[in-house]
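Please open the model in a viewer and keep the selection panel at hand.

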Amino acid sequence: MARVRVESLRKEYDVGTVVAVDDLNLEIEDGEFVTVVGPSGCGKTTTLRMLAGLEEPTSGTISIGAEDVTDVHAKNRDVAMVFQNYALYPHKTVFENMAFGLRMSTDMNEAERERQVVETAEMMDIEGLLEDKPDQLSGGQKQRVALGRAIVREPDVFLFDEPLSNLDAKLRTTMRAEIQRLQNELGITAVYVTHDQHEAMTMGDRIVILEGGELQQLGKPTDVYENPANEFVGGFIGSPSMNFVDVEGDTRGDTVHLTGLEGEFDFELSRAYVDQHVDSLSSNRYTLGIRPENVVFTDDDRNSITARVSVVEPVGSDNFLHLDIAGEFIARVDPAIEPQPGEDVTLTFDEDDIHLFDSETGRDLLGSSEEPQAMVTS
Ligand code: ATP
């Protein structure tokens, strides 16, 4: 068990023409489960590989516990990595796969190794597979063995690189819960890379969001959802994605209206709201963000948008209404609300559900979040 600290970490490839990770600062608490998420190419795997010692940073430092491990070889770091493709030795049995790491990284005698492997196999519910070879196992069983092989070593840190990507949806859900249970029981610090924001949100004590090699936000899942640091995070976290509309602030007397959509949208902010956010409302061009689940139907013309429904997507628990507002705009409504495609509907939302982003920098203007929450701990 250990705390992980990453300071000013940078990784360049191809003589500096590709910056995979750019000035990354992270502090992961002892026993914490941190998920790392972002679009393809944002630097997730490179970050994880640097933590594992499989990739050398261009600059910056990595510490595990009290030790600066930046120049420590992978095999001498007390970390265990679980890969998407399982990475099991095909000619070794499950038992041998699990025992191999122990033989390499500890000075346990054979009897101790056997006891440890059998105990871990029981914990993972794979004790009946110990004499099998990997090609006799299903994908889910292989991933259990890969996890067991990581756990048996009792490392300081678990590193997971999209470990569930090859499994079907049902098995993923089971394995997610299993990984969380094991990590909780063992209390081992874990860093878990995924491109799936749902997985990142449901598994992480805190979530790291990367884009273009840079940290966008680090926070608890609910904080990141409720107070995205910028437009990118607002759009990336949450499904369906947050809707965006370009608006201008229009001061009329002692209140402010947000206007846009070529005059179709005119939203009057309350006096209390303006007083509370007066500093944020000093610029006059914003990107307004509103989540699909915060859009409601109204009979009142005030502060509303009338729009045509283009597609109705029923997903069982909700209906997703695709509307012809500002490109792509989705309202997530009760399944009992079933307008027909082509029908006009009138919508509104509460001012407290609005996010306002700087139209130049994308930075959230209303949230309490500072610039990327690099070193914020829970
Ligand atoms: P994915 O979700 O697609 O796996 P990722 O977020 O894990 O993406 P990385 O694999 O870390 O992203 O890659 C980050 C950037 O670094 C990408 O632009 C990638 O093309 C580049 N990159 C990664 N490895 C190398 C390499 N060995 N040589 C050159 N460029 C690389």
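Select the ligand of this predicted model together with the residues around it. The shell numbers 13 residues, among which S40, G41, K44, T45 and T46 come nearest. Colouring the shell by class shows five nonpolar, five polar and three charged residues.

Next, display the secondary structure elements behind this shell. Strand β2, residues 18-28, and helix α1, residues 44-52, each supply at least two residues of the shell. The largest contribution is that of α1, which gives three residues.

At G41, select the backbone: one of its N or O atoms lies 2.8 Å from a ligand oxygen. At C42, a polar backbone atom is 3.1 Å from an oxygen atom of the ligand. At K44, turn to the side chain, where a polar atom lies 2.8 Å from a ligand oxygen. With a surface drawn over the ligand, consider its cover: on its own the ligand has 630 Å² of accessible area, and the protein covers 60% of this.

Finally, move to helix α3 by selecting residues 110-123. This helix has 14 residues, and the distance from its first C-alpha to its last is 20 Å, close to the 20 Å expected at 1.5 Å a residue. Within α3, highlight R113, Q116, V117, T120 and A121, which are its buried residues. How do these buried residues fall when seen down the axis of α3? They lie within an arc of 130 degrees, and therefore line one face of the helix.

Conventions: Residues numbered from 1 in each chain as written. Predicted model: local features only at pLDDT ≥ 70, side-chain atom pairs only at ≥ 80, totals over all residues. Heavy atoms only, no water. Near = heavy atom within 4 Å. Polar contact = N/O pair within 3.5 Å; in protein donor to acceptor, adjacent residues only side chain to side chain. Areas by Shrake-Rupley, 256 points an atom, 1.4 Å probe, with all protein chains shown as cover. Helix = DSSP H or I, 4+ residues; strand = E, 2+ residues; numbered from the N terminus. Nonpolar A, V, L, I, M, F, W, Y, C, P; charged D, E, K, R; others polar. Expected span 1.5 Å × (residues − 1). Buried < 20%, exposed > 50% of the residue type's maximum accessible area, 1.4 Å probe, protein only. Arc of directions from axis to C-beta.
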